[in-house]
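Hi everyone, thanks for coming.

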Amino acid sequence: MQINLPLVISRREHKVDFTVIIIGIFLLETSIFVSALSGAQYQNIKRYLLLRLVHGIFLLLVLLALKSYLKFRKIEYLKYFQLVTLGILTSGLGLIAYRGLADFFEISKIDLTHNLLIALLQGIFWFPVFMIASGDKNQILHYFKSYEERLITSTRISMRESEVYKEIQQSIQLEIRNELIKQAQMLKEEIGNLTSNGNLLESNPRIQKILLGNGLRELSSRLEKSSEEGSRTWVLGQDIHFFSLLIKQFRILYQETAKIDPLKSSTYSLILLVLIAPGFINNFDLRTTIIYLPPLVLAMFITSIIVTKVIASNSKNAFRDSSLLILFLGSLPFLENRIGQAITPNEATNFPLFLIAIFLPLSYYVIMKFLQILKPSAVALIKENEIVASKALEKSISQIIANELAHTYSHRWAIYVHGKILTRLAATGLRLELAYSQSDIAGFNAGLQAILELLDNPDEQFGQITLNLKSETATRLDPWMGLLHIHTEIDQSLELIENSRVSDYGEAIEEIISNSIRHGKAQNITLRVKQHGEKELEITVEDDSTTAPPIHPTRIGLGTRIFNLVSDGRWSISRVGSSTRFHLVMLISE
Amino acid sequence: MPKNKTRIIMVEDDEFTRTTLKAALINQGLDIVFDTASVSEAIEFSKVHRPEVAVLDYNLGKGPNGIDLAIQLRRNQPNIAIVLLTAFLDPAQLQSKISQLPEGCKYLIKHSVTKIGVLTAEIDKAILSAPNRSRL
């Protein structure tokens, strides 16, 4: 599909879809309203605006009737000439409505011939164009979705391999680690102060209070809370909202698509011609049109050719130069109009400056830029290795990654603080209490020494031991045995891989399994791990969950963040028959 | 106070804590028939020996947590009394977790266990509130 004019007259069939044409009606009504602002209609602007509004509603009702008819006849595809027929029918009815409404609102009408010409332009060109765009919008979205996925993955991968990522990783960990050490040190000092003077056993009640570890509890709660904080947005986790992607990537997308599959010079001219045609039809007589239109069209064609040449030159300033030229091209009608007014002043063709010198060039500029970007064939052609993220996108992804890292590390450290340190403080309290009740000074002292040693190096046991993939799988799966049946199929070639990515792999499979059992109440799980390309592996987990997973989660939880981090956004969950299937691809080489 | 020789299994991944708790409960005259850090061992043991009470740590390291284990133990043995120990102190955090516990399970903040009587009292309550306790 192309949103290129030459293709509009192709013989292929187009899917019947009215969604974009509603926007088209709005744009047409607006453009007719604006183009009719020269002179006469100014006096009746409120009534004229009302006329266009009623006329727009009437056209929408006509479209609704057409849509119902086509649905009733089960017509799903139409050829171009059939679209033209429908277009002429719609614009013809629109013309009749306009003339009736003009009488009703006491607005002076343009003559019938001009009115017919405009209706034909709408029926032959605009109606089919919007219908074709409607029918092809799914394809456009598909190409953008695919582009977006490749872009996010490649940006995430390059971010993870960058120094920035390592710095974020280290700074988050360092902050938590320092806080833990500080709290442990304070606790140790408090215990030291109590035990250095007086009877050891007598200090038990006060030591028990200290062993509550309030500072550490507060730290653990804070970490746990921040790890559980959900986000309601899905932006850049795995995908970007379509419009956000366009805005962030506009310049790069434009350059890439224009380089691979540029718009033709005829498209530049034709679009401008179609934009100015209503103005000519409405306000110029035949003689003036014959005098003024040919030189304008010639200038448009020459400038259009220069625009495409500049884009094709691929020079450093191609984007800037072509942008200026497109603006210049859009300003040609203004320049010619001013020259014409200087030679033969005419109130009817003396268009308002804001309209012809600003609105028209800027609208034309935006239309041409978006037409280039929305050319799906060009987007589809952008190869993975050529994908470049804009600075704005990189910044957004970097923020998301930092957020994911902060949540994940907060969770790990929270578990460590309450699972290891606070648990040990409580157990020490119990041990001291027992020793106290039995007046066992040696036992009391031993208990104290043990906790002081832990507080000396509170983060010592946090570090992860690197295992090979086979052992990592076993340490993650074995604890679940007894709760559910796990069947594994792992490529033998992967089993001996041993690097820092293996623990990420382990974290992913543990999260998948815990989701299966906790959310899906699964009893049986099959885990398949296969080589995927040279440097990646593919994890597929199927389970007999009783509940289907949410297709469009509205909240990002810890699991989502772990999966995004591990796979650079390449994971999915789906329901296949009575099973739930989880799929994830991740880099396994460092 | 639970009756003497109430058969208890204990699952706690931290060895220091496990041995301390075990010693304290034995000191109170209770029968710790099995203590382990492993979820699967606990499940296998309880299938065969059907203990009356399970004292479980919430955080068991990698893999399932105490709530996952409690659910499975109840599935295998509907009348088992369960006490869950947790290091959390924040009620809001605790609430979201204990709401997933099976009916009649009790929970305790670990710090309160420094007075072992608190734990034995909670074990008592758990026995009384376990479903179908008449079959014990």
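**Starting from one alanine**

Okay, let's begin with B:A42. Leaving out residues up to four places away in sequence, B:A42 touches B:I9, B:V11, B:T36 and B:L69; touching here means that the C-beta atoms, placed from the backbone, lie within 7 Å.

Before I go on, a word on what you're looking at: this is a predicted model, where local features need pLDDT of at least 70, side-chain atom pairs count only at pLDDT 80 or more, and totals for chains, interfaces and linings use all residues. Residues are numbered from 1 along each chain as its sequence is written, while chains are lettered from A and ligands numbered from 1 in the order in which they are written.

Back to our alanine. B:A42 sits in helix 2 of chain B; helices (H or I, at least four residues) and strands (E, at least two) are DSSP runs, numbered from the N terminus. Is B:A42 buried or exposed? B:A42 is buried, because 24 other C-beta atoms lie within 10 Å, and the cut-off for buried is 20 or more, with exposed at 12 or fewer and partly exposed in between. As for B:L69, 27 residues away along the chain, its C-alpha atom is 8.6 Å from that of B:A42.

Now the sheet. Chain B has an open sheet of five parallel strands in the order 2-1-3-4-5, where two strands pair if DSSP finds at least two bridges between them. Strand 2 (31-36) and strand 5 (106-109) of chain B are at the edges with a single partner strand each, so one side of each has no neighbour in the sheet. In chain B, strand 1 (residues 7-11) and strand 3 (residues 53-57) pair in parallel over four bridges.

Next, where the two chains meet. Chain B gives 28 residues to the contact and chain A gives 30 residues. On the chain B side, helix 1 (15-27), helix 2 (39-49) and helix 3 (66-76) of chain B each give two or more residues.

Of its 590 residues, 35% count as buried.

Methods. Two residues are in contact if their C-beta atoms, placed from the backbone, lie within 7 Å.
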